[in-house]
Amino acid sequence: MRELELYFGPQHLGMVGNFSITLKVEGDRILEAQANPGYLHRGFEKLMEYRTWIQNFPLVCRINVVEPDHIEMIYAMAVEKLAQIEVPERAHFVRSIYLELARVGSHLFGLWAYANMLGFDTVAQWAMYHRDLILDLFEELTGGRVYHIYIWPGGVRRDFPPGFKDKIVNTLHSIGGCVPDYDSTFFNNRLFYERANGIGQLTREQAKQWGATGQTLRATGMKFDIRKVEPYAAYDKVDWDVPVREDGDAYSRVWVIRDEMIESVHMIFKLLDDMPEGPVYNRIPNPFKWKVPKGDAYVRCESSRGELGLYMVSNGEDKPYRVHFRTPSYPNGLITLEKLLENASIADVGNIMISLYVVAPEIDR
Amino acid sequence: MKEKTTNKKGSILSPFKAVNYLFKKPRTLRYPFEPKEPALRYRGFHLNDWEKCTGCGNCADICPNEAVTMVEIPEIEPKPGEKNERPKLDYGRCCFCGLCVDICPPGSLRLSRDYFHIHFDTNTFTFTPKDEKTDKEHFLGSKQYSILKASLAHRKENYEGFVSDIDYSLFEPQRVSMPEVSPDERKLSFIEQVIGYNKEEAKAEASRCLECKLCEEACPAHLKISDYIRAIYEDKPGESLKKIFEDNPIPSICGRICMKHCEAACSLSIRGEPVAVRWLKRFVADSIKDYETALELQTAEPTNKKIAVIGAGPGGLSLAYFLTLKGHKVVVFDSLPGGGGMVRIGPPLYRLPIEAIDKDVDHIASLGVEFRFNTTVGKDILFEDILKEYDAIYLGIGTTVSYSTKVKNISEAHLALPFLQENKIGSGTKVGKEIIVIGGGNVAMDVAREALRLQHMQYPGENVITKTVSLEDWDQMPATEDEIEEAKAEGIQFNPGWGPKEVKIENDTIKGLLCVKVKSVFDEQGRFSPTFYEEKKMFLDGDMIIEAIGQAPNFSFIPKKLFNKLEFTPNRKVKVDENGMTTIPALFAGGDIVNLNLDAVTAIADAKVAAEGIHKMLCEG
Amino acid sequence: MNKSLKEKLESTFKGLRIAVPEESRIAVSAESDNVLAILRFLKDAGFNHLALLSAVDWIEDNVFELCFILTSYMQNDDEVTGRQSLHIILKTKIPRKEPQFKTATGIFPNAEPYEREIHELFGIKFEGHKRLIPLLLERNYEIPPFRKDFDTRKYVKEVFDKIPSVEIEEK
Amino acid sequence: MDRNQITKWLKAPAKMANKYSLHVIYFCTGCGIIEIPPVITSRWDAERFGIIPVATPRQANLFLITGYVSVKTLRPIIRTYEQMLEPKYVIGFGSCPINGGMYWDSYNTIKHLDKYIPIDGWIAGCMPRPEAIIIAVTHLWTLIDKEMANGYKKYRENYEAYRKNQEMALGELDWPPLFSVSDKSRGNVQ
């Protein structure tokens with residue numbers, strides 16, 4: 001069979017986000033895949049060296065558009081570690097609730113993309129509708145629909161507005177009520193099993209070797225979750241469980257996402273119950289003059305896609321000296337995807353890519 | 001190991017359960033027919049209240065995308081504490097993060113809940129935000145407002161969204177509290193009331209300054225305030241002192257008694273406490289023991305021109321400093337035994353100790369200025385001789401003669417300045433148990449608080465009382481607000497709105513003061529001509545009366561024929577041109593005899609102008 | 001735990017400066033030639049997850065600093081033991097003039113894209129790397145953009161602001 | 001009844017048909033794409049306004065440039081734009097394509113998008129909400145009615161300038177010019 005080169009280019013129905021893969025194809029079988037990112041590269045780490053610590057705070061959440069909240073959190077944690085800033089108790093709880101809401105929202109977006117890719121348009125419409133309900137919650141809390149700019153070093157930017165607690169509870173109940181419908185139409189659907197079982201299979205050794213974290217790792221049976229491994233915010237004050245699956249293929253990855261969503265909703269209810277009263281922000285010094293002491297730090301948190309880390313170097317100036325984000329889609333998109341696409345079929349490219357939860361802006365930064 | 005979760009295969013028929021959605025209400029919002037309101041905290045387009053906005057420019061400095069630029073607005077006239085600039089927004093750059101709202105000291109910049117602006121021309125995306133208070137035309141009531149026509153020129157009124165909240169603001173509204181001696185302890189002695197910042201407190205206070213430079217425009221001498229505060233923050237007191245000395249050679253004095261025009265103009269003072277600019281200047285002056293080494297000043301090579309300065313007050317001292325730096329030979333004459341002029345005898349020791357004054361004066365002397373103390377011009381040396389011998393003369397004589405109310409047998413009462421001078425550098429005066437001070441200005445406050453201290457020292461343990469009587473009512477009192485507070489804290493009794501009528505004398509001891517209720521203090525043109533309700537009287541008993549109702553300058557040493565050539569402004573101040581020169585050539589003047597607001601920093605500003613004038617005259621002339 | 005690791009490291013390799021700034025973090029700075037051996041040693045000691053390979057451009061002391069950030073997946077697969085929260089940051093300095101370094105993909109295969117990115121954005125060559133082709137950038141820059149001497153604001157003025165806007169000649 | 005009155009009547013139904021069935025090309029160029037799924041799915045349902053996402057540029061006549069444009073994305077954007085059939089309209093989302101937005105000092109993003117392709121409408125916001133997108137479509141209708149949404153005509157008439165700018169930004173372009181640069185006769189196409 002003749003060997004062809006196919007551009008699974010940025011403008012393609014099977015592609016979510018701005019990312020392209022060049023495939024060496026023989027008939028329907030892919031011989032070799034080469035990821036080709038860079039369409040969304042804005043040079044964040046260069047721009048952040050030109051802005052002061054507080055000016056970076058609105059910039060930093062623009063790295064990943066699907067889920068900007070964990071990146072705000074990671075930046076705030078890094079600055080707090082370098083500058084030894086204490087965060088009040090209630091702020092930990094508000095942050096955890098905010099991050100879990102963001103995780104559910106981000107998983108619903110992933111579900112929309114994945115269900116659309118597999119042709120389940122009904123489930124995609126439902127998922128996007130429920131995500132929109134969560135965006136309304138964010139708009140109520142932070143003032144922004146998608147980019148919330150809410151967690152800044154020292155705590156969070158505003159406290160809960162009055163009556164926000166039961167707004168969260170009502171929204172989550174309305175979403176939770178639809179879970180049996182999701183299960184019947186999508187998760188327990190035989191077609192989904194046929195379409196996703198055995199696709200993009202990777203063993204635990206391969207996952208470890210390729211630096212995969214998050215669902216890709218938990219789908220192979222490893223209970224590796226940064227919220228348990230290195231607890232931050234209020235995750236160690238609430239008992240919850242890390243959902244795990246065995247087979248490491250697309251089917252179990254999507255199931256891990258489903259269990260994680262349900263786990264997050266339960267966790268939010270628990271966090272809401274024992275959230276203490278008190279301030280949510282202790283003031284950082286004057287933004288024009290604030291100099292973070294010299295030093296470097298690597299902090300990490302569990303974003304909806306895996307381990308999100310930030311290596312930050314400061315040399316005592318009012319601007320960061322060097323910032324490097326370790327985003328979870330980076331190894332997923334560049335190594336795991338290329339390895340999994342070898343001798344897969346063309347029809348499964350979208351399936352594998354979205355089940356690996358690859359988001360283009362996280363790779364390019 | 002948990003039991004292995006077998007992959008449930010799922011059934012082919014389960015999706016049909018979704019059929020029951022057929023009978024449910026559709027989830028689609030019928031937008032725009034049913035409008036959907038954004039959340040109460042939504043971050044939409046900007047609103048700026050032009051009355052509250054001071055044009056300080058902090059929003060332009062904080063913006064990460066340089067979307068905010070300050071724009072000159074011609075119809076706003078700048079005044080202390082406000083520039084005539086307003087922020088202009090470029091929605092081709094703005095990311096609606098709201099940092100400008102959180103940093104805005106007056107809280108005038110807010111985000112509304114409007115977000116519709118769709119246009120084919122990119123120039124319409126830049127605009128200077130106003131709000132419904134000042135711009136009725138673009139903000140419409142809910143009846144005329146329609147979503148389809150909504151844009152930056154067609155917005156809803158009272159539609160505020162993300163608003164600044166003082167607990168989450170990016171500036172620190174509270175000032176670092178200054179350690180002070182407690183009121184009841186300080187009224188027993190003359191120790192200095194304000195103890196002064198230590199290094200950490202000064203750095204913390206200096207870190208509050210947002211460097212919007214409103215204070216520098218409000219300060220009569222235009223000190224480089226944000227630079228010297230930044231130097232304190234960066235632990236460089238030497239450099240900070242250099243910045244101060246560029247405009248003000250007497251920081252130790254000004255750090256204690258300045259009228260703080262800068263703090264009144266500070267943008268943080270609107271919703272919080274202003275940056276303690278005066279105390280920071282004092283911290284710099286106190287923390288550097290020897291100015292010499294820190295400043296490394298070199299005077300220019302001598303120009304063998306001689307300048308005479310009459311009066312070693314703040315104006316005289318500054319002129320001497322500026323001109324010695326330029327290489328001229330300066331001689332300062334003063335009738336008092338030491339430097340400082342009014343500042344030496346006026347403010348009592350608990351506000352301005354003598355060592356603080358001498359520290360500045362000695363430094364200026366060390367630069368080569370010759371001080372001739374205890375020489376009154378007109379008595380020990382004649383004015384005509386000075387005119388002949390020196391190339392230029394500067395009148396820094398200030399207002400040294402106390403007014404008197406000339407009420408019936410007021411001759412028994414003391415005058416403020418001699419009373420203060422006697423206590424500060426003289427042998428001290430005997431005070432009575434009940435003292436009445438006539439007057440409501442800062443000098444009256446100093447006299448009253450000093451009298452209270454003397455009472456406690458001379459009659460320890462007995463109950464003593466000091467009362468003040470002033471024509472002006474509470475809000476019209478010329479004394480600064482914190483002076484009045486401190487005096488009240490020390491237990492001084494105020495009787496505002498009463499005028500002195502007659503001093504009651506019985507067998508030649510003072511029994512008290514008969515007062516009458518004041519109807520009005522100033523007439524229509526604002527000139528001082530009080531009117532009274534003659535029938536409403538009050539008798540204040542007291543055994544000692546001190547008058548502190550203002551001072552006048554003493555020009556007696558100038559010969560008549562020269563004095564007539566000197567022109568005066570309508571409110572009896574010396575007329576000077578833009579170089580500070582009076583109508584008599586080579587005679588310059590400045591300070592309280594020229595300006596309306598009588599304080600040290602204005603005198604320094606005049607001295608700086610006069611120094612340039614003299615230097616220019618001597619070099620070209 | 002990290003006490004014994006510290007001694008083991010110091011015993012097997014010389015010329016190391018090891019600091020333990022806080023309980024869960026070890027900073028090791030070593031010469032560039034025995035870095036790969038240390039990586040191999042640490043991988044066998046259980047730190048099998050290369051979280052990040054980053055480069056810092058210290059322009060004043062004319063040096064690039066490569067940082068390998070290592071943590072470990074779990075020792076046994078279900079419980080979560082305390083070991084994982086330990087980070088090891090292995091730093092080494094390489095000269096700034098024609099910088100080059102040996103590839104670490106032999107030990108950690110997932111270092112491959114990081115090295116490609118650092119090659120493209122800093123200009124550090126990695127010998128033995130199979131695919132050092134461009135990863136993110138479209139235009140070619142004479143100074144790699146993430147170096148400190150590349151001024152992005154000046155670059156924007158020179159390149160993008162020079163492009164004229166299209167004047168629509170009204171017919 | 002003069003000639004252009006008749007042509008006006010004949011053109012009205014074509015214009016209405018074109019206006020009420022804008023097909024959007026499915027191309028996620030920037031970060032604003034996160035607001036497109038809510039618009040085309042059940043909650044905001046842009047299909048009530050005739051907006052349907054389609055797969056290839058050949059079927060589309062509305063191109064939404066959602067958010068910032070990096071240099072590498074500009075190349076597929078220009079190719080997609082040139083493959084779309086006329087009449088075609090482009091709407092720019094958010095502040096980044098207008099004047100650089102948050103990445104005004106980034107070495108890899110395009111600051112003013114209207115230097116490279118004609119833009120018929122801009123929506124303010126970072127990024128614009130679904131409601132703003134829907135109202136933007138109603139504005140586009142009025143522009144089409146008033147024959148002001150003629151970005152594609154401008155592209156044809158000033159093609160050399162656009163092409164030169166594109167080459168300045170992207171170096172050499174590996175596809176032939178859309179309109180042969182030499183002949184001036186194409187000006188009179190309707």
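Q: How many residues does the contact take from chain A and from chain B?
A: The contact takes 35 residues from chain A and 39 from chain B. Two residues are in contact if their C-beta atoms, placed from the backbone, lie within 7 Å. This is a predicted model: local features need pLDDT of at least 70, side-chain atom pairs count only at pLDDT 80 or more, and totals for chains, interfaces and linings use all residues. Residues are numbered from 1 along each chain as its sequence is written, while chains are lettered from A and ligands numbered from 1 in the order in which they are written.

Q: Which helices of chain A each supply at least two residues of the side that touches chain B?
A: Helix H2 (56-60), helix H5 (121-142), helix H7 (179-187) and helix H8 (190-196) of chain A do. H5(A) supplies the largest share, 4 residues. Helices (H or I, at least four residues) and strands (E, at least two) are DSSP runs, numbered from the N terminus.

Q: What makes up the contact of chain D with chain C?
A: 18 residues of chain D meet 13 residues of chain C. On the chain D side, helix H3 (71-83) and helix H7 (159-170) give two or more residues each. H7(D) gives the most, with 5 residues.

Q: How do you know that helix H13 (residues 329-341) of chain A falls short of a straight helix?
A: H13(A) has 13 residues, and a straight helix would reach 18 Å at 1.5 Å a residue. The expected span is 1.5 Å times one less than the number of residues. The end C-alpha atoms of H13(A) are only 16 Å apart.

Q: Where is the kink in H13(A) centred?
A: The kink is centred on A:Ile335 and is about 30 degrees. The bend is the angle between axes fitted to the seven residues ending there and the seven starting there. After H13(A) comes A:Asn343, with a positive phi near 40 degrees.

Q: Why is H13(A) called largely enclosed?
A: 11 of its 13 residues are buried, so the rest of the structure largely encloses H13(A). Buried means 20 or more other C-beta atoms within 10 Å (exposed is 12 or fewer, partly exposed in between; C-beta atoms are placed from the backbone). Among the buried ones are A:Tyr330, A:Leu334, A:Ile335 and A:Leu341. In chain A, the packing partners include strand E3 (29-36), strand E8 (322-326) and helix H14 (348-355). Helix H3 (112-122) of chain C packs there too.

Q: Why is B:Val576 called buried?
A: B:Val576 has 24 other C-beta atoms within 10 Å, so B:Val576 is buried. Its place is the loop between helix H19 (560-565) and strand E23 (587-589) of chain B. Beyond neighbours within four places in sequence, B:Val576 is in contact with B:Met581, B:Thr582, B:Ala589 and B:Val594. B:Leu587 is 11 residues from B:Val576 in sequence and 9.7 Å away, C-alpha to C-alpha.

Q: What pattern does chain C follow along the sequence?
A: The pattern is α-β-β-α-β-β-β-β-α-β-α. That is 4 helices and 7 strands.

Q: What makes chain C more spread out than a compact globule?
A: Its radius of gyration is 21 Å, well over the 16 Å that the globule rule gives for 171 residues, so chain C is more spread out than a compact globule. The radius is taken over C-alpha atoms, and the rule is 2.2 Å times the number of residues to the power 0.38. The C-alpha atoms of chain C fill a box of roughly 80 × 40 × 35 Å along the principal axes. Of the 171 residues of chain C, 36% count as buried.
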